[in-house]
Amino acid sequence: MSERSAWSLGGALRGLFQKPTIDENTWDDLEHALITADFGADVAEDMIDELRASVARFHTTDPRDLQRMLRENVEERLAKYDPTLRLSERPAVVLVVGVNGVGKTTTIGKFANYVGTFGRSVVVGAADTFRAAAVEQLATWAERGGAQIVRPQHHGQDPASVAFQTVEFAKREGVDIALIDTAGRLQTKNGLMDELSKIRRVIEKQAPIAEVLLVLDATTGQNGLAQAEAFIQHAGVTGLVLTKLDGSAKGGFVLAVQERTGIPIKLIGQGEQIGDLTGFTPHVFAQKLVG
């Protein structure tokens, strides 16, 4: 599957924009395409209203004009938020949070690889200490991403102490970026958020936290966002990472999630390979989404 077809609205919209004129069916079909692509009913309705107003203002009946207006509308909405990763501190400490199963571990390896292409050195802290398999999986992905790893010294070690040791290692060895993996689930949500707060406090005794990145699985759409609400409320999230955009016609979720949370998307993952995580560019995304 090509990158273009994987999460583009193109298939749903192609026939629509090839019609000879804009009519009421055009608006019904466009709204259906937007909702199907997981823009969410509120966002889709809002966009339709804005596009109707633009079409009326420019006195056009050409569907190609509507396509351009849709692309510009999507880009303008995406560009309200700054996707820049703030990694200027040395070390730049990045907490990676999210529920289990969203691709957090693989994202950390891919992120290490991504910043490595810019010449940055990375150490990964395995602070999800209660799952031995998680530590081993993280070690595999860290190695693929060209990063060093700080492991727990024993099973069930206090996650905050692993995070502390990771930042300590980065400072001592002159490593540019410290990526801290965290648990996606404990027995209670409160326990998990308390754990994250403790990790933050311990890290901040040594260095400021540059980013708190929440990993979301794009294929789960609005449901995945609902599962992650506790992180948004309590973890001080500064940016979103959307994984599994490949093979999903849910590209509208990219826009909906920013509008719902007010948090910028900073990275997107579009495949299973180590190089399949990239920075987020609203202009490029809007172009690929709408055509």
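Predicted model: local features only at pLDDT ≥ 70, side-chain atom pairs only at ≥ 80, totals over all residues.
Colleague: Let us start with the overall layout. Which domains does the assignment give?

Modeller: The domain assignment gives domain 1, residues 13-80, and domain 2, residues 92-290. The contact between them takes 15 residues from domain 1 and 20 residues from domain 2.

Colleague: How far apart are the C-alpha centres of domain 1 and domain 2?

Modeller: The two C-alpha centres lie 34 Å apart.

Colleague: And how much area do domain 1 and domain 2 bury between them?

Modeller: They bury about 1500 Å² between them, and 63% of that is on carbon and sulfur atoms. On the domain 1 side, Asp38, Arg71 and Leu78 lose the most area to domain 2. Together these three account for 43% of what that side buries.

Colleague: Let us stay with Asp38. Where is the place of Asp38?

Modeller: Asp38 sits in the loop between α3 (24-36) and α4 (41-57).

Colleague: Is Asp38 buried or exposed?

Modeller: Asp38 is buried, because its relative accessible area is 14% and the cut-off for buried is under 20%.

Colleague: Which other residue has a positive phi without being glycine?

Modeller: His59 is one of them, with phi near 50°. His59 is found in the loop between α4 and α5.

Colleague: While we are on the backbone, which kind of peptide bond runs from Arg90 to Pro91, cis or trans?

Modeller: The bond from Arg90 to Pro91 is cis, with omega near -5°. Most peptide bonds are trans. Pro91 lies in the loop between α5 and β1 (92-97).

Colleague: You have mentioned α5. Which residues does Asn73, in that helix, touch?

Modeller: Asn73 is in helix α5, which covers residues 63-78. Not counting residues up to four places away in sequence, Asn73 touches Met47, Glu50 and Leu51. Asn73 is also buried, with a relative accessible area of 11%.

Colleague: Now a change of topic. What volume does the largest pocket have?

Modeller: The largest pocket has a volume of about 160 Å³.

Colleague: Which residues line the largest pocket?

Modeller: Its lining includes Pro83, Thr84, Leu85 and Leu87. Also among the lining residues are Tyr114, Val115, Phe118 and Arg120. Lys266, Gly279 and Phe280 belong to the lining as well.

Colleague: How does that lining divide by residue type?

Modeller: The lining residues divide into 7 nonpolar, 2 polar and 2 charged.

Colleague: Gly279 is in that lining. How far is Gly279 from Ile268?

Modeller: The two are 11 residues apart in sequence and 6.4 Å apart in space, C-alpha to C-alpha. Ile268 is in strand β7, residues 265-269.

Colleague: What does Ile268 touch?

Modeller: Leaving out residues up to four places away in sequence, Ile268 touches Gly279 and Phe280, among others. Its contacts also include Leu242, Leu245, Asp276, Leu277, Thr278 and Phe285. Ile268 is buried, with a relative accessible area of 5%.

Colleague: Tyr114 is another lining residue. How far is Tyr114 from Gly146?

Modeller: The C-alpha atoms of Gly146 and Tyr114 are separated by 9.8 Å, and the two residues are 32 residues apart along the chain. Gly146 is found in the loop between α7 (132-144) and β3 (148-150). Gly146 counts as exposed because its relative accessibility is 62% and the cut-off is over 50%.

Note on methods:
Residues numbered from 1 in each chain as written. Heavy atoms only, no water. 1 Å grid on protein atoms, 1.4 Å probe; cavity = no way out; pocket = protein on both sides within 12 Å on 5 of 7 lines; lining within 4 Å. Points joined across faces, edges and corners; volume = space filled by probe spheres on them. Nonpolar A, V, L, I, M, F, W, Y, C, P; charged D, E, K, R; others polar. Helix = DSSP H or I, 4+ residues; strand = E, 2+ residues; numbered from the N terminus. Buried < 20%, exposed > 50% of the residue type's maximum accessible area, 1.4 Å probe, protein only. Contact = heavy atoms within 4.5 Å. Domains from an automatic or database assignment. Buried area = accessible area lost by both parts, 1.4 Å probe.
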